[in-house]
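Here is a short briefing on one chain, written to be read with the model open beside you. Please have a look at the structure first, and then we can go through it topic by topic.

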Amino acid sequence: MGIGTSSPAAKVHIAASSYAAPTGGIDSNLNLLINNTQYAGLGLLGASNGSSFIHFGDGDNMDVGEIAYVHSDNYMRFATNAAEAMRIDSSGNLLVGKTSSSA
């Protein structure tokens, strides 16, 4: 399905301008393609007391992998195997294998 394009290069292709997507190098498994002349972005808006996230799943678990932003505490969470593996806290500290920068 093409939105803004008559020649979709993926199952869903959103073209915000006349900029043409490349003719080669597009993964045939790609489900969504967003293109624009200079910037191509995807926005996820959540409530200030909620989260915005992308889940990576399989037939056994919908969120076995996750990238999430927790708005209430302003941190980015990365999960693998359905558990938090890494966090970037509101101060920019990278926490690996822990959820707090305290000793």
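E7 and E8 form a hairpin with five residues between them, and glycine 92 in that turn has a positive phi of about 90°. Please keep in mind that this is a predicted model, in which local features need pLDDT of at least 70 and side-chain atom pairs count only at pLDDT 80 or more, while totals for chains, interfaces and linings use all residues. Residues are numbered from 1 along each chain as its sequence is written, and side-chain values use heavy atoms, with hydrogens and water left out.

**Overall make-up**

- The chain has zero helices and eight strands; helices (H or I, at least four residues) and strands (E, at least two) are DSSP runs, numbered from the N terminus.
- Read along the sequence, the pattern is β-β-β-β-β-β-β-β.
- The radius of gyration of the chain is 18 Å, whereas a compact globule of 103 residues would have one near 13 Å; the radius is taken over C-alpha atoms, and the globule rule is 2.2 Å times the number of residues to the power 0.38.
- The C-alpha trace spans about 55 × 30 × 25 Å along its principal axes.
- Of the 103 residues, 16% count as buried (buried means under 20% relative accessible area, exposed over 50%, and partly exposed in between, with a 1.4 Å probe and protein chains only).

**The five-stranded sheet**

- An open sheet of five strands has the order E4-E5-E6-E7-E8, with antiparallel pairing; two strands pair if DSSP finds at least two bridges between them.
- Strand E4 (51-56) and E8 stand at the edges with a single partner strand each, so one side of each is left without a neighbour in the sheet.
- From one strand to the next, the twist averages 20° (axes are lines fitted to C-alpha atoms, for helices over the stretch in contact, and angles run from 0 to 180 degrees between N-to-C directions).
- Strand E5 (residues 65-70) is joined to E6 by five bridges, and the two run antiparallel; here valine 70 stands opposite tyrosine 75 in E6.
- Five bridges also connect strand E6 (residues 75-80) with strand E7 (residues 83-88), again antiparallel, and phenylalanine 78 stands opposite methionine 86 in E7.
- The hairpin of E6 and E7 has two residues between the strands, and asparagine 81 takes a positive phi near 50° there.
- Three bridges pair E7 with strand E8 (residues 94-96) in the antiparallel sense, with leucine 94 in E8 as the bridge partner of isoleucine 88.

**The three-stranded sheet**

- Three strands form an open sheet in the order E1-E2-E3, and their pairing is parallel.
- Strand E1 (2-3) and E3 are its edge strands, each pairing on one side only.
- Four bridges hold strand E2 (residues 12-15) and E3 in the parallel sense, and isoleucine 14 has isoleucine 34 in E3 as its bridge partner.

**Salt bridges**

- A search of the whole structure finds three salt bridges (a side-chain nitrogen of Lys or Arg within 4 Å of a carboxyl oxygen of Asp or Glu).
- Glutamate 66 forms one with arginine 77, with the closest N and O atoms 2.8 Å apart; the pair links distant parts of the chain, glutamate 66 being in strand E5 and arginine 77 in strand E6, 11 residues apart.
- Glutamate 66 counts as buried, at 11% relative accessibility.
- Glutamate 84 also forms a salt bridge with arginine 77, the closest N and O atoms being 3.2 Å apart, and glutamate 84 is partly exposed at 26%.
- Arginine 87 pairs with glutamate 84 in a salt bridge whose closest N and O atoms are 2.8 Å apart, and arginine 87 is buried, with a relative accessible area of 11%.
- Salt bridges that share partners join Glu66, Arg77, Glu84 and Arg87 into one network.

**Surface and loops**

- Leu42, Leu44, Ile54, Phe56 and Ile67 make a nonpolar surface patch of about 450 Å². Patches are made of residues with over 30% relative accessible area and no salt bridge, joining like charges within 9 Å and nonpolar side chains (Val, Leu, Ile, Met, Phe, Trp, Tyr) within 5 Å; accessible areas come from the Shrake-Rupley method with a 1.4 Å probe, and for residues only the protein chains shown count as cover.
- Leucine 42 lies in the loop between strand E3 (32-35) and E4 and is exposed, with a relative accessible area of 62%.
- Aspartate 60 sits in the loop between E4 and E5 and is exposed, with a relative accessible area of 79%.
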